[in-house]
Amino acid sequence: MSNPQQLRYSKEHEWLTAAADGVATVGITEHAANALGDVVFVQLPAVGDTVTAGESCGELESTKSVSDLYAPVTGEITAVNEDVVDDPSLVNSAPFEGGWLFKVRVTDEPGDLLSADEYTAFTAG
């Protein structure tokens, strides 16, 4: 399992891109997708919603369980990935590409986001 170096990670297993023009893309990691099993339903925040770092902002339901989706940063939702809503299996098949979940205009970022190497060590522990 390889975590892309250009991304940052939360301890709740979300990844996010650097904020281009203030907007970051968010998804869940391959580690989380594998732990969940086959994702069958995705509930995402709505465009215009405000999310707060560390708080639940949606749900992922798999054949095994239901898991909260946490916001890795604080900000306003600018886009959601309707492809994932229509085909939740994208979360499993392409967690770092087509399986992204939402875009957020970042207003605050916690100091505890991890680099790829730190996240790899965190998940190995």
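**View 1. The side chain of K64 and the backbone of A35.** A polar atom in the side chain of K64 lies 3.5 Å from the backbone oxygen of A35, where a polar contact is a pair of N or O atoms within 3.5 Å, and, within protein, one must be able to donate a hydrogen and the other to accept it, while residues adjacent in sequence count only if both atoms are side-chain atoms. This is a predicted model, in which local features need pLDDT of at least 70 and side-chain atom pairs count only at pLDDT 80 or more, whereas totals for chains, interfaces and linings use all residues. Residues are numbered from 1 along each chain as its sequence is written, and side-chain values use heavy atoms, with hydrogens and water left out.

View 2. K64 sits in the loop between β6 (56–62) and β7 (66–70), strands being DSSP runs (E, at least two residues) numbered from the N terminus. Because its relative accessibility is 60%, K64 counts as exposed, a word that here means over 50% relative accessible area, while buried means under 20% and partly exposed lies in between (1.4 Å probe, protein chains only). Apart from neighbours within four places in sequence, K64 is in contact (heavy atoms within 4.5 Å) with N34, A35, L36 and G37. An unreviewed UniProt entry lists K64 as "modified residue: N6-lipoyllysine", although such annotations may be inferred rather than shown by experiment.

**View 3. The surroundings of S10.** S10 is found in the loop between β1 (8–9) and β2 (14–16), and S10 is buried, with a relative accessible area of 5%. Not counting residues up to four places away in sequence, S10 touches P72, L113 and Y119.

Note on methods
Helices (H or I, at least four residues) and strands (E, at least two) are DSSP runs, numbered from the N terminus.
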